[in-house]
Amino acid sequence: MQKFIRDSGHLIRPAIVLLAGLGLFMVIRAAVVPKGFGQYGHYRPGALAAIRQHPVAYAGQGACVLCHDEEGKVRASGKHAHVACETCHGPLAKHADDPGANIPKLPTVATLCVRCHEKDTAKPKTFPQVVSTEHSGGMACNQCHKPHNPQL
Amino acid sequence: MEITRRDILSVGGKLLMIASVGATFEQITGAKPPPDSYRMASHWWGMIIDIDKCIGCGNCVHACSNENQVPKDYFRTWVERYEVPEGYVNPRVSSPQGAIDGFPPSKQTSLKSFFVPKLCNQCADSPCVQVCPVGATFVSPDGVVLVDQDYCLGCRYCVQACPYGCRYLHPETETVDKCTLCYHRITQGLTTACCENCPTGARQLVDFKNPNDPVHEFLRNNKVAVLKPNMATGAKVYYKNLDGSVR
């Protein structure tokens, strides 16, 4: 027995070194590979949660009509029914959270309407378009049209 | 007692082995993420785009930029205006500032012209994911191609690999940035910022795993196409009535 161990020393010693190296590798690997890596695929699942932390800027029109049901009703009865409030009014999630502290500025009508309605041959033919300079004669669009329900 | 080199090696080796077993055990069991009402396994996100409805107002680009703080002159979504002469020779494509402020009216009247909104196609077999050397970009279990900002090296392989040009290196963080399909919004029941602000419904967020989603009818009733189908990227952004000249 004693002789066997002495003679196979040249096998056992490298084996121990190998195992120690392997152990070291496992310890280092455990330390540097992030928790849960590979749970869903070759990536860090924590990234999903991090990306979901991003704050929302557009509250969505469902939120606006909760308080502004007047405007909501007017808009729903007209051709702008599917144009979201915040498309014209800008991102207002902060206002929806705390209306008193974040009072929005009203949109600039001069640039607002033409962005969608200025005539362009690339636009679908069915979309109502006007050449603004000829159509309004320099007057603001909302002097004739109501923004929330653009019928005259 | 005399301590030999052999003693140190064998005792040290045993300790290391015990430590590594413990470490891997911790790694395997790993702490579970907190419970959450959003179940990733029951969604598979994509988008449908109706070319015949797009008016090129650029409100989607504007909204995306506001929602995601996209740096100036970089775009996660943009709109292109195609002007195609007869026979498809050199279609003229323009996208001033990604159309963030819409388009100046076209003076052309004799050309076929239309708008094409573009964004990340959320490919199921994405080339960008395949080339990432560190696992910083990936397809999430609900089908959105995302970037791990803490893990990205900024090597830009994925920027080059994307056949649709949808990725950029963020000038401040120096990591790669791209459309997240508003992952922070869709996981809490809102639609994306671009779809929320599309006045004509030309672009719509869809969930292929929801049997009641309009996407199923859309795909059944219309002539649809994805961009660059020959690249077999598994793109999940479907265009209705896409012209053959669109690249």
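Reply: A residue is called buried here when its relative accessible area is under 20%, exposed when that value is over 50%, and partly exposed in between. The model is a predicted one, and in it B:Asp243, with a relative accessible area of 16%, is therefore buried. B:Asp243 is paired with B:Lys112 in a salt bridge whose closest N and O atoms are 2.7 Å apart. B:Lys112, at 38% relative accessibility, counts as partly exposed.

Another pair within chain B is formed by B:Arg185 and B:Glu67, with 3.1 Å between the closest N and O atoms of the salt bridge. This pair also links distant parts of the chain, since B:Arg185 belongs to helix H5 and B:Glu67 to helix H2 of chain B, 118 residues apart. Here both partners, B:Arg185 and B:Glu67, are buried.

Over all chains, a search of the whole structure finds ten salt bridges, and three of them are found across the interface of chain A and chain B. One that crosses between the chains is formed by A:Arg44 and B:Asp150, with the closest N and O atoms 3.5 Å apart. A:Arg44 lies in the loop between H2 and H3 of chain A, whereas B:Asp150 lies in the loop between strand E6 (145-147) and helix H4 (157-161) of chain B, so the pair joins two chains. A:Arg44 is buried at 16% relative accessibility, while B:Asp150 is exposed at 62%. The pair is also part of a network of salt bridges that links A:Arg44, B:Asp148 and B:Asp150.

The interface that this pair spans brings 48 residues of chain A into contact with 68 residues of chain B. Together the two chains bury about 4500 Å², 61% of it on carbon and sulfur atoms. A:Arg52, A:Tyr58 and A:Arg115 supply 17% of the area that chain A buries against chain B, more than any other three residues. On the side of chain A that touches chain B, two or more residues come from each of helix H2 (9-32), H3, helix H6 (85-89) and helix H8 (109-117) of chain A, and H2(A) gives the most, with eleven.

B:Lys118 is buried, with a relative accessible area of 7%, and its side chain makes a polar contact of 3.1 Å with that of B:Glu80. The side chain of B:Glu80 is joined as well to that of B:Trp78, by a polar contact of 3.0 Å. B:Trp78 lies in strand E2 of chain B and is buried at 12% relative accessibility; its contacts include B:Lys118, B:Val116 and B:Pro117.

In the loop between strand E3 (92-94) and E4 of chain B sits B:Ser106, which is buried with a relative accessible area of 14%. The side chain of B:Ser106 is in polar contact, at 2.8 Å, with that of B:Glu83, and B:Ser106 also touches residues of the other chain, A:Asp120 and A:Thr121.

The nonpolar surroundings complete the account. The largest nonpolar core has 49 residues, and those with the most contacts inside it are B:Met47, B:Val79, B:Leu181 and B:Tyr183. Among the elements that each supply at least two residues of this core are helix H3 (46-52) of chain A, as well as E4, helix H2 (59-68) and helix H5 (183-186) of chain B. A second, separate core of nine residues includes B:Cys132, B:Val145, B:Cys158 and B:Val176.

Terms used:
Residues are numbered from 1 along each chain as its sequence is written. Chains are lettered from A and ligands numbered from 1 in the order in which they are written. This is a predicted model: local features need pLDDT of at least 70, side-chain atom pairs count only at pLDDT 80 or more; totals for chains, interfaces and linings use all residues. Side-chain values use heavy atoms; hydrogens and water are left out. Buried means under 20% relative accessible area, exposed over 50%, partly exposed in between (1.4 Å probe, protein chains only). A polar contact is a pair of N or O atoms within 3.5 Å; within protein, one must be able to donate a hydrogen and the other to accept it, and residues adjacent in sequence count only if both atoms are side-chain atoms. Helices (H or I, at least four residues) and strands (E, at least two) are DSSP runs, numbered from the N terminus. Contact means heavy atoms within 4.5 Å. A nonpolar core is a set of buried Ala, Val, Leu, Ile, Met, Phe, Trp, Tyr and Cys residues joined through side-chain atoms within 4.5 Å. Buried area is the accessible area (1.4 Å probe) that two parts lose on being put together, summed over both. A salt bridge is a side-chain nitrogen of Lys or Arg within 4 Å of a carboxyl oxygen of Asp or Glu. Lists of a residue's contacts leave out its neighbours within four places in sequence.
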